[in-house]
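Take a look at the chain below before reading on. We will walk through it one piece at a time.

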Amino acid sequence: MELLTFGGDESNSSQWGEVHGPFMKEELVCQKQNLMASKGIFMNSDPLKYAMPLLMIQMSVIIITSRLIFRVLQPLKQGMISAQVLTGVVLGPSFLGHNLTYMNMFLPAGGKIIIQTLSNVGFVIHLFLLGLKIDGSIIRKASSKAILIGTASYAFPFSLGSLTVMFFSKTLGLPSDVISCTSSAISLSSMTSFPVTTTVLAELNILNSELGRLATHCSMVCEVCSWFVALAFNIYTRERTLNSLYALIMIVALLLVIYFIFRPLIVWLTERKTKSMNQKDVVPFFPVLFFLSVASLSGEAMGVHAAFGAFWFGVSLPDGPPLGTELAAKLEMFASNLFLPCFIAISGLQTNFFQITASHEHHVMMIEIILLITYGCKFLGTAAASAYCQNQIGDALCLAFLMCCQGIIEVYTTIVWKDAQVVDTECFNLVIITILIVTGISRFLVVYLYDPSKRYKSKSKRTILNTRQHNLQLRLLIGLYSVENVPSMVNLLEATYPTRFNPISFFTLHLVELKGRAHAVLTPHHQMNKLDPNTAQSTHIVNAFQRFEQKYQGALMAQHFTAAAPYSSINNDVCTLALDKKATLIVIPFHKQYAIDGTVEQVNGPIRNINLNVLEAAPCSVAIFIDRGETEGRRSVLMTSTWNNVAVLFIGGKDDAEALALCMRMAEKPDLNVTMIHFRHKSSLHDEDYSDMSEYNLISDFKSHAANKGKVHYVEEIVRDGVETTQAISSLGDAYDLVLVGRDHDLESSVLYGLTDWSECPELGVIGDMLTSPDFHFSALVVHQQQGDALDLDDSYKLPALEHQKIGDTVMPQRFSTEEGFTTIDLGKY
């Protein structure tokens, strides 16, 4: 054996050469002891010749390069995995690594072993987290449509790809090693991993869309199919010896121990710590790490990768909070963000474009053609099965593209196969390159073709104004993030004056950020997991509204839902539920929370993005609620004080008319003081020409109420410009509990002159933005009427005529019949 050295005194610390291994020639690395830390450059010691400094340099370069490449690829909607693989390609022998001096400095043989070992530990933990986020029961929730599509997505490419290999083998006489390589590549190309699919869906902000839910179930079915085929193939190809049988029995025993011993112990410890410390976010962190190490080590001892035991240990544990959320928060930072990029980049470092082009084998093009045929069959099989299930053509194509996306699981499998000599270097390079190209094109086309909001972007929009004009029932969808949002929302419902002859239907939606689980959830409250801490908070919210509902029995009908999804796409759940329940108005909290002294206590940026997304695509009117209930010193939901004084600011426009239509309903409540403050310019005092007659009629109706009811008031504020408008609004002081205002106005109106030049929160409009100032101590409701055609009349939702009701009649109107559609959302069809 000839050992090679790198010049200099310290170069003798690392020596390497080639030796004969079990499969092929391999590198043997010899290193001296005490090479952990450098003495420093002032002692003429090169830090890159020592393990610790070299490892820090390698990790830093890989992470920074991957982030830069990810930034470049963002306009093409590429994922971080693709950027990390390309990082390895750039830093490896395909580009920079073609320079031997650079490779000997950045990735010497000894340094490569260290970073590979550390990154594999990070990958094992990352795969544990992927398994932890999987709800094993989701496979039981898959519909027949998802089972058919998922099965076809695997069966078509696997069977037709195998037939293609057999055809080429018979006609062209492919060597046995090429057949073995392409057979493995076909099984890899046919699979679609559930964790990869959910990651792609989350990155594209369509995890909780209609297509996202279907793709989630289809990928799970497809992955199960690949497990069964792999198991059958493994049993068939194993040597018929007792050792092989023992190995298989031990693997099954490991899975049983994980599920029936490790899982109950961790669940028991979690419940014990939660009860003893009275905290719901406390998990047995160190016992989990211990069992994770045991499961990984057992997997290695039985001849499978350590990630096998880690993954199935994660699958066995309950997903979501508290366990999944806390473990993800503690482990993802260093496992997924620090070590995983190195693991993925190493796959790129092993890719060499020059080795492909310089190959003397004439089967490179043939292997690539077989891979592309397999992906083509996967696309066609998925699209055909989806079309057979009566999905729209556009959705069928997008689903097919999503099922072609691959990621960390496939890259990991390819690396394991390369290390086990299942695939050679040439085939490994082709598989990695093909995964990059197919996944990159598929992701880009999904973003280009699929719009998750198209389902609720209808021409007609439900509005409060049309509801009032056509005597339709008022239906409210109330979004909440925590129990603190409940008191003022209850007051808002009470102010809308529900009666037996003018009932209200409302739907509460508890919005929870998705943490610790892979798939999004939109479910009625009574179907939630009782062990989930979010269930406890949702129960508090539901109990408060049920207490209020009992007060207005027969005049209110409520349903309660919980949505767990990434905040970047949770607006899809809000709009989907609003469309499904034919909501008239969506009420969502403002992203700023106010302290008891009126100052801003907390600013939540993601909630602001949710509000903007809902405003853009909602199928009905939207109201953003600026809650200052805390400034009144409320102690609890059940002891909240009711509102006595409500005002509506009217400048003109459809949004102001929408706010006034809601206020007109409040004016029906006998013990509520309602005031309309109409801002008019001095030049328009004698001009009653309204561009919209409905607006004129609405103002006339309110004036009639003001003339006939002592607690309804109409006030005109004569102003000349925006300065006087601001002064008039500032003079409101603490006279009101709630102020309603439209979001958009006629920006050319003289009443707003000088106010349109600045706005901190454009989603509230000019006046609404003004009301967020700490100078005001009342709550505000900023209403926006979605632009669309007139509402299609629906006789089944008309209110009963009042003349047919007798005074004192206690019979509930037929508005709350089963025909009204108060059923749970059927997510099974997805």
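Predicted model: local features only at pLDDT ≥ 70, side-chain atom pairs only at ≥ 80, totals over all residues.

Helix α10 covers residues 285-301, and helix α12 covers residues 323-349. They pack at an angle of about 70°. That value lies in the range from 65 to 115 degrees, so α10 and α12 are roughly perpendicular to each other. Their axes are 11 Å apart. The crossing of α10 past α12 is right-handed. Which residues make the contact? From α10 come F285, V288 and L289. From α12 come L327, K330 and L331.

Now step back to the whole chain. It has 26 helices and 15 strands. Of its 830 residues, 54% count as buried. Take the contacts with a separation of 6 or more: 79% of them are between residues 24 or more positions apart.

Next comes a second pair of helices. Two packed helices are described by the angle between their axes and the distance between the axes. Helix α1 spans residues 51-73, and helix α2 spans residues 80-91. Here the angle is about 120°, and the axes are 8 Å apart. That makes α1 oblique to α2. The crossing of this pair is right-handed. On the α1 side, the residues that meet α2 are V61, I62, T65, S66, R67, I69, F70 and L73. On the α2 side they are M80, A83, Q84, L86, T87, V90 and L91.

K77 is not a glycine, yet its phi is positive, about 60°. Look for Q390 in the loop between α14 (364-388) and α15 (393-404). Q390 counts as exposed, because its relative accessibility is 74%.

Now turn to the cysteines. A disulfide is a covalent bond between the sulfur atoms of two cysteines. The structure holds 1 disulfide. C181 and C427 form it, with their sulfur atoms 2.1 Å apart. C181 lies in helix α6 (residues 176-190), and C427 lies in helix α17 (residues 425-449), so the pair ties together parts that are 246 residues apart in sequence. Both C181 and C427 are buried.

What about C218? C218 is in no disulfide, and the nearest cysteine sulfur, that of C389, is 8.2 Å away. C218 is buried, with a relative accessible area of 0%. C222 is in no disulfide either. For C222 the nearest cysteine sulfur is that of C225, 6.4 Å away. C222 is buried, also with a relative accessible area of 0%.

Look again at α6, the helix that holds C181. α6 has 15 residues. From its first C-alpha to its last, α6 reaches 21 Å, close to the 21 Å expected at 1.5 Å a residue. Several residues of α6 are buried, including V178, C181, T182, S184 and A185.

The last stop is R665, in helix α23 (residues 654-666). Is R665 buried or exposed? R665 is buried, because its relative accessible area is 11% and buried means under 20%. R665 and A495 are 170 residues apart in sequence. In space they are 8.4 Å apart, C-alpha to C-alpha. Which residues does R665 contact, leaving aside its neighbours within four places in sequence? They are L474, T496, Y497, P498, N502, P503 and I504.

Technical notes:
Residues numbered from 1 in each chain as written. Heavy atoms only, no water. Helix = DSSP H or I, 4+ residues; strand = E, 2+ residues; numbered from the N terminus. Buried < 20%, exposed > 50% of the residue type's maximum accessible area, 1.4 Å probe, protein only. Contact = heavy atoms within 4.5 Å. Disulfide = S-S within 2.5 Å. Expected span 1.5 Å × (residues − 1). Axes fitted to C-alpha atoms, helices over the stretch in contact; angles between N-to-C directions. Parallel < 35°, antiparallel > 145°, perpendicular 65-115°, else oblique. Left-handed = near helix turned anticlockwise from the far one by under 90°.
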